[in-house]
Amino acid sequence: MPDDLFIRTNAAVDFIRAKTSLAPKVAIVLGSGLGEVAAHITEATAIPYAEIPNFPRSTVEGHSGKLLIGKFAATPVAVMQGRVHGYEGYSPAEATFPMRVLGRMGIHRIIITNAAGGINTSFTQGSLVLIRDHINLTGLNPLTGPNDDRLGQRFFDMSDAYSSRLRALAQQHSEKLETGKLNEGVYIAVPGPSYETPAEIRAFRTLGADLVGMSTVHEVIVARHMQMEVLGISCVTNMAAGVLPEKINHLEVMEIGKRVEHQLTALLNAIMPEIVR
């Protein structure tokens, strides 16, 4: 029932607020292999997901499962060090419960990162790509069922789901950092946990996808339902099946993610003071 979701969300928010006096203005979700970015958070209060009422728990290697409340570039932030996925056994509503909590905490801007497979052959392993749009190929939507108007409207616009303003800001600072213009692309979400077949990748390319992964899309749908402005950043940790004559493995995904942590941290550090304006 909608009332139940609202009550469960507020219980989690109350628990977090009792742990810290900071009021985060921006949220950051860290994907596979990108968790060490959290080491740059100052004045941090770390709260394991397992302690937060109704919060789902991460079970995947590379997702430590902690919520950090602290400061990044002097800006109060809430950082999700890891996420949960549908393939872990969670429903879309359960997997996106953290988005509900962040929204109810009064956060209006969120940076969502992920590890992704590169479909676009102009992308290279270890590069950062701004998500311009997405394709939901999971067959599910986290908003299925009764709608609670206190959390968001039943029907809402998704034409600028990945904020053009925030993408322009990221591009501006990427060029200032001398890392050059960032690629932008369309992210296609699949259920997982198996990696895709070469035939599926060819089909996804025909659909217009540049990146493929097993997260993010449901989170963005819920974030936009709550009127949060979203910046999506993918780390191309591997080229998708069939693009290169190589096998794909999770250890490589995490290793490549770690290699770009410095670039991601520098970019986030540069844009953070302006993202809240």
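Q: What makes strands E6 and E9 a pair in this predicted model?
A: Pairing needs at least two bridges between the strands. Strand E6 (residues 128–136) and E9 are joined by three bridges and run antiparallel, so they count as paired. One place to look is Leu130, whose bridge partner in E9 is Ile233.

Q: How do you know that strand E5 and E9 pair, and in which sense?
A: Ten bridges link strand E5 (residues 109–118) to E9, in the parallel sense. For an example, follow Ile110 to Val230, its bridge partner in E9.

Q: Why is Glu229 called buried?
A: The cut-off for buried is under 20% relative accessible area. Glu229, found in strand E9, has a value of 17%, so the label buried applies. Leaving out residues up to four places away in sequence, Glu229 touches His108, Arg109, Ile110, Ser163, Arg165, Leu166 and Arg224.

Q: What makes Ile275 a buried residue?
A: Ile275 lies in helix H8 (residues 261–275) and has a relative accessible area of 0%. Since buried means under 20%, Ile275 is therefore buried.

Q: Which residues does Ile275 touch, beyond those up to four places away in sequence?
A: They are Val26, Arg109, Ile111, Arg165, Leu166 and Leu169. As for Lys25, it is 250 residues from Ile275 in sequence, and the C-alpha atoms are 9.4 Å apart in space.

Conventions. Residues are numbered from 1 along each chain as its sequence is written. This is a predicted model: local features need pLDDT of at least 70, side-chain atom pairs count only at pLDDT 80 or more; totals for chains, interfaces and linings use all residues. Side-chain values use heavy atoms; hydrogens and water are left out. Helices (H or I, at least four residues) and strands (E, at least two) are DSSP runs, numbered from the N terminus. Buried means under 20% relative accessible area, exposed over 50%, partly exposed in between (1.4 Å probe, protein chains only). Contact means heavy atoms within 4.5 Å.
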